[in-house]
Amino acid sequence: MPARRTSTTTATDEVLVSDTKGRILAATFHCLASHGYAALSVREIARDANVNHALINYHFGSRDQLVIAVLDEANRQLLQRQRTMYAAPGDFAGKWARARAFYESDIASGFVRVQAELYAASLSNPGLRAQFLPRIRAWKQVVRDAVREALQAYAVELPPAFSADAIASLISEFWLGMEFARLIGGDEEKARHDQALDAVQQLLTALDAAAARPARRATPQKRTQRG
C-alpha cells in the first residue's frame with residue numbers, strides 16, 4: 001500500500017510554499033519601491049528571493065499578477081488598519097492626525113512608491129488597470145464611509161452639493177495627488193501639503209468641539225404684562 005500523506009507533511013509543505021511566496025513578494029516589493037515598475041526584473045527578484053525564477057511563474061503566472069499580489073498583500077494590511085482606526089472611539093481630528101502618521105509611515109516603507117508605480121503603469125496597460133482600479137476603489141470606499149460617519153456626527157448644514165461622496169472625492173483625490181507630488185517634489189512639496197493638512201486638522205478640531213457641546217435649550221421669553 002502507498003504511504004499515506006500525514007497531516008504533518010501537509011502542514012510542512014504549506015509552510016514551505018508560504019515561505020517561498022513570501023520571499024518572492026518581499027523581493028518584488030523592494031524592487032518596485034527601489035527601481036520602479038519599468039525596471040522590474042523577474043530574474044533579479046528570483047535572485048533576491050533566493051529562488052529559481054521558474055518558481056515565480058509557477059506561483060504567480062505573469063509579472064502583472066505578481067505585482068497585483070504584492071499590492072494585495074500590502075493593501076490588505078493597510079485597509080484593515082484604516083478600518084480599525086475609523087471604527088475606534090475618538091474624535092475625527094485625532095483620526096485625521098493618525099491618518100497623517102500612517103501616510104508618513106507608508107512613504108518611509110515604500111508603499112506609496114509601489115502604489116504610484118502601478119497607478120502610472122496602468123495608464124498604458126489595460127490588463128493591469130482592470131486589476132488595479134478595484135484596489136484603489138476599495139480604499140476610496142473606506143474614505144467615503146468615514147466621511148458619512150463624520151457628517152452624521154457633526155450634523156452640520158452644508159450646501160446640497162457637498163454630499164458625502166463629493167467631500168470624499170475631494171479628500172481621496174487630493175491625497176493621491178499629494179502622494180505623486182511628494183514622490184517627485186520631496187520636502188518642498190511636503191511643506192505645502194502640511195499646510196493643507198493642518199487646515200483640515202484645525203477644521204475638524206473646531207467641528208469636534210462644536211459637536212461635543214450640549215445643545216442649547218431655548219429659554220422661553222417672559223411675557224411683558226400690560227396695564
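Here is a short tour of the fold, the cores, the aromatic pairs and one surface patch of this protein.

The model is a predicted one, in which local features need pLDDT of at least 70, side-chain atom pairs count only at pLDDT 80 or more, and totals for chains, interfaces and linings use all residues. Residues are numbered from 1 along each chain as its sequence is written, and side-chain values use heavy atoms, with hydrogens and water left out.

**Overall picture**

- The protein has nine helices and zero strands, where helices (H or I, at least four residues) and strands (E, at least two) are DSSP runs numbered from the N terminus.
- Of its 227 residues, 33% count as buried; buried means under 20% relative accessible area, exposed means over 50%, and partly exposed is in between (1.4 Å probe, protein chains only).
- Residues 24 or more positions apart supply 66% of the contacts with a separation of 6 or more, a contact being heavy atoms within 4.5 Å.
- Accessible areas come from the Shrake-Rupley method with a 1.4 Å probe, and for residues only the protein chains shown count as cover.

**Nonpolar cores**

- A nonpolar core here is a set of buried Ala, Val, Leu, Ile, Met, Phe, Trp, Tyr and Cys residues joined through side-chain atoms within 4.5 Å.
- The largest core has 29 residues, and I24, L32, I45 and I56 touch the most other members.
- Two or more residues each come from α1 (7–35), α2 (42–49), α3 (53–60), α4 (63–87), α6 (111–122) and α7 (126–154), with α4 giving the most, eight residues.
- Not counting residues up to four places away in sequence, I45 touches I24, A27, T28, C31, L40, I56 and L66.
- Apart from this core lies another, of 25 residues, with W96, W139, A168 and L176 among them.

**A closer look at A74**

- A74 is found in helix α4 and is buried, with a relative accessible area of 16%.
- Leaving aside neighbours within four places in sequence, A74 is in contact with F29 and F111.
- The C-alpha atoms of A74 and Q115 are separated by 9.7 Å, although these residues are 41 apart along the chain.

**Aromatic pairs**

- There are five aromatic pairs, counted when ring centres of Phe, Tyr and Trp (its six-membered ring) lie within 6.5 Å; planes under 30 degrees apart are stacked, over 60 edge-to-face, and the rest tilted.
- Y103 and W175 have ring centres 5.7 Å apart and planes at 75 degrees, so they are edge-to-face.
- This pair links distant parts of the chain, with Y103 in helix α5 (residues 92–109) and W175 in helix α8, 72 residues apart.
- Y103 is buried at 4% relative accessible area, and W175 is buried at 9%.
- Y119 and F180 also form an edge-to-face pair, 5.8 Å centre to centre with 80 degrees between the planes.
- Y119 lies in helix α6 and F180 in helix α8, so this pair ties together parts that are 61 residues apart in sequence.
- Y119 is partly exposed at 25% relative accessible area, and F180 is partly exposed at 31%.
- W96, Y103 and W175 form one aromatic cluster.

**Surface patch**

- V156, L158, F162 and L170 form a nonpolar surface patch with about 360 Å² of accessible area together.
- L170 sits in helix α8 (residues 164–185) and counts as exposed, at 56% relative accessibility.
- Patches are made of residues with over 30% relative accessible area and no salt bridge, with like charges joined within 9 Å and nonpolar side chains (Val, Leu, Ile, Met, Phe, Trp, Tyr) within 5 Å; a salt bridge is a side-chain nitrogen of Lys or Arg within 4 Å of a carboxyl oxygen of Asp or Glu.
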